[in-house]
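Please walk me through this structure in the viewer, one selection at a time. Tell me what to select next and what is there.

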Amino acid sequence: MNGCQDYHVTRRAMMGASAATIMGFSIRDLLAAKGRDHAPTAENVILFWNGGGMTHLDTWDPKPGRPTQGEFEPISTSADGVQISEIFPELSRQMHNVALIRSIAGTQGAHGRATYQLQTSYNQTSNVIHPGFGSVVVHEKDAIGDLPAYVSISGQAPRSSYLGQSCSAYFVGSPGDKDPYLAFPEGISQTRGNKRLETLAKFNGRFSGKTTSRKLEATKTSVNDAVRLMRSPALKAFELDHLPLSQFERYGDTPFGRGCMVAKQLVETGVRFVQVNRGGFDTHRDNFEAMRNHGEVMDPALASLIQDLDESGQLKKTLVVMLSEFGRTPKINKDGGRDHYPGVFSCFMAGGGIQGGQVVGSSDEDGYKPKDRPVQVPDLHATLCHALGIDPEKEVMTPLQRPMKLVDGGSPVMELFG
Amino acid sequence: MARTWTVICVAVLTAANSGVVSADPVVDGDRLSKVLNQENAELEVSVKPSLLVDDTAYLRRASVDLIGRIPNHQEIQEYLAWSAAERRSKLIDRLMDDPRFVDRWTTFLADMLRLRSNSPGGAAALAFVHKAVEDDMPYDEMARRFISANGKAGAVPEVAYVLGDNADPMALAGVTSQVFMGIRISCAQCHDHPFDRWTREDFYGFAAYFGKTRRYENQFTNTVYTQETTTTSVLWPPEGDAEGSERKPVLPKFLIELIDSKARPDFIARLESTRKSEQDLIEASLAASSKDASIDDLLLGAADKALDRAKGKKKTSFDVASEARRARESIDLEADMRSQSELRRDLAELVASPRNRYFAWNFVNRVWADLVGRGIVEPVDDFSDSNGPSHPKTLDFLADEFVASGFKFKSLVKMIVTSEPYQRGQAVGVEEAEREELRAAFLAAPARRMLGEVLYDSILTAGHLFEYKHPQGANMKTVSERIRVAVPREGEVITPQSLAAAGNDTAMQGRMKGAMAARGAGYNLESGIEIDFDNILQQAKEKAAEAVVVEKMEVKSAEQLEAERMQMDGGDRRRFRYVYKTVERTYDDNPVFGSAFRMASPAAPQHFVRIFGQTDRTQVGVPRDHSPSMRQALMMLNGKMTHEASRVGPFEPMHKLLVGKNVDLTEAVRTAYLEILTREPADEEVSLARSIVADGDTTLEGMADLRWVLLNSNEFRYLP
């Protein structure tokens, strides 16, 4: 036995005894603090991860008339008094559904460490790797239906680490394209493939008497799960072929647009956590050109997504979040770029109980520092936990038997919930 | 004691030629069995042991463990042709001589040392370990090098160990104690270890050995290196606890007591004598090499080379005499020491000392656990007062023999795989409690699943996919693909030159990638490119030669740097945008795969071997996860590799048993069982299998169905 694990023996022993009750309340209920004392406001999450550090000044936090403004003008939106950058004309009509936080006080200015913190809530340390937030969500919330609970589109999601392989993301490299692993190999008909599966079950049944691993049962389950997924009508949620051309025109036939369309279908099918990855925000040079191009791609897709989720009622249950590892320097450098800037930056949230049309916190007049209501990075994760009804202080064990909380402190930004 | 590996290496080669000190593996295996049986008797274990596995099961087990794949048809025939009495020992000799032995155990060490192809100097470190296993470099020597190395990533391969944790003293303290001694002290970084003896002061004292090492990065030359400074970064009291008090440098202090230097246990005496005879051999070979090489010597060298080539070794052996001469010229002990960290050199001597029992215990236990399926201490990296060995005498015996052999990895492996505990069968048909008792006493084998790399290579072996099995042009396919094409913006003309000048060859790459991707048609998670380790080591040498130049490089002007950056960035990209086009492509789908052991490691996150348990090697103390997952099932059921392995190619021996004049389904079924499961089918299996084959639209398709089922079966991936 390693020692560290018994460090918190008292508390855990009590947690273990959660079946026991005191005056009719289970001990787990009595101990449950944050996240469990209210009904969840969200069932699933779509996280847009904008890798590279997206400029806050040219997106959600414009600074008109200031030397740090840059090339873009702010535009008014469907939310009273909320202005965003002109690169999002379509999205401006959906801002009554969207809340912005303009006062995130980051601490990490290097991509690796900042990404790590934004994606896990923890600061990077040398002897433990923390799971990404998507893994935390699916550790606490099962999938609804046949599809994997956690899907990562167009890029790698952070690791599940000590939460285990079952909490890692199902990877979709190219949204809308068929995943070859979800169908029998080329040239193998359904009949032939099914016959193979039957024979395989027979062979494995014969073998199970000859070896002694409990894992054989789990192998069987994994094959059954795989086959169920292969045969599931829900798989259509990964595909876009059935959509009319007009949808592609609205979202834009780009990897990002297709990612949004797939993400929408996935949450509608019960997937808990969809991460849509996009890079190219590290705009040390030609920031404005780059952001204009990003806007052209992101604006129609995001606006259509919010609109469609809203109209179908799914937005009530789905929390849409857009994060990046940090913002960018208010000062524009000689290459027309902006450099890394964690001091203050913004994020975007919609749906899943978030009160739209509002802005929480603000940065100072040039976008250098939080002016009021500074929000710490783990506050964001605590906020998501609050929406999903997850206790952020729940402890899980690392391989070295060290108890770790699901979120590294932080408190939910309650204003967002109206 | 500063010894240089090149020299030892010469000694080993010479020893092999002159027939000196060759331990008899069978005898050593028997000695190990006796020690364990004796200890079990003392522990009053009374359960009836499982029988040893039969010859073919042993062949499969040993092939998987020693060369990382199942045996092929020819190897099975050869093995069965040997007399039963000497089969197993002959097999072990053959396997340990196989170049794949080196690949397989490089992976073991890379896991243990957390070497990563994509970390600074990681690829060179992997190549270094590969060479070390090939030459049977003494393990203590290897450990010393990793712990003490300084220098530039890639040029000094061993420095990847320190750079892998960014030269952070706290991380390295935890890693070094856990990896090389099986002692977990990282908890004590933040608080005294609650149930072990380690205090925070112990931790800081140990970390202080790394306190003067710094990591440097030169962004312009894109190099990373370590260097020693004069001040330590490890201070006491710990940050945050200081409360105004002055933080003072911590003096290095080793964690544990070594065996007293006055004591001379038998294994140390034997080690000294082993090392003395190695030394004598070096002297002798140096003396011999000073004479002019005779015609006979040259012929002998040529014969050796020819022999190696015949055995399939990829590289030729080097000339012992000239290598020894070169080694002597290159030994510059002073320079060697300067390139190491003094503190870490001290640490390396302490860690890798034969008098440090934890050092040998830890390693023999890791190798034992890998081969037998369960450690004598479990988890393997947690030796502590509260987690002692289940069989201390057996552990001591293994450690003693390992040290006495001169820390020779191969002799340790040999001893274990020829011993009874390695050869035990599984406890089938007994109650759970008894099974656990049997396993705990090493009297029954646990069920072990193949490593991801082994599974990959075994599918390739069984499916004849290491080489073309279809004639050229027999599998032409047409696919339509979307490719990205660059188009000019208004007012721009696109030419190959303008693309290249803008560094914007993405469009070209897109096309080439398309052509390559077409071969896998969406299955690139199963492909891999083999790495040439020798070439990497050669590059490392060349890098080492330029190291001096780099460190003395003059500071460049801002304009110079800007110009360089422009060049790297590829200049103005704005002139182009991209459109997607759908194109049709015809190609010959005649797949050939390379070995998973030769890929860059860790592989890409969604790659087959990662899905089957290869870790990303970033975290210490995280073993491979051998539990099943849905993604694994999908890759096996629907993957390109299993599919292609199932199809029977005309170049396979089995083909003629399925089509043509001499169809023999029974023989074809037998071949399938031997090739895939390394055993003969039972009678009822033959009739079942025959009906599956006959049930296909053609016998070839029916056989593909049977092979697909066998490859997907649990029997394939779990060892007998």
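Select chain A of this predicted model and colour by secondary structure: chain A has 10 helices and 19 strands. Its radius of gyration is 23 Å, close to the 22 Å from the globule rule for 418 residues, so chain A is as compact as a globular protein of that length. Along the principal axes, the C-alpha atoms of chain A fill a box of roughly 75 × 60 × 40 Å. Buried residues make up 49% of the 418 in chain A. Of the contacts in chain A between residues at least 6 apart in sequence, 72% join residues at least 24 apart.

Next, show chain B together with chain A. Here 53 residues of chain B are in contact with 41 residues of chain A. On the chain B side, the elements giving two or more residues are α10 (169-181), α28 (630-638), α29 (640-646), α33 (699-712) and α34 (714-717). Pick out α28(B), which gives the largest share of that side, seven residues. By residue type, the chain B side divides into 22 nonpolar, 20 polar and 11 charged.

Where domain 1 of chain B touches domain 2 of chain B, 17 residues of domain 1 are in contact with 16 residues of domain 2. To see the domain 1 side, select α3 (55-67), α4 (73-81) and α6 (99-113) of chain B, the elements that give two or more residues to it. The largest share, four residues, comes from α3(B). The domain 1 side holds six nonpolar, five polar and six charged residues.

Definitions and conventions:
Residues are numbered from 1 along each chain as its sequence is written. Chains are lettered from A and ligands numbered from 1 in the order in which they are written. This is a predicted model: local features need pLDDT of at least 70, side-chain atom pairs count only at pLDDT 80 or more; totals for chains, interfaces and linings use all residues. Two residues are in contact if their C-beta atoms, placed from the backbone, lie within 7 Å. Ala, Val, Leu, Ile, Met, Phe, Trp, Tyr, Cys and Pro count as nonpolar, Asp, Glu, Lys and Arg as charged, and the others, Gly among them, as polar. The radius of gyration is taken over C-alpha atoms; the globule rule is 2.2 Å times the number of residues to the power 0.38. A residue is buried if 20 or more other C-beta atoms lie within 10 Å of its own, exposed if 12 or fewer, and partly exposed in between; C-beta atoms are placed from the backbone.
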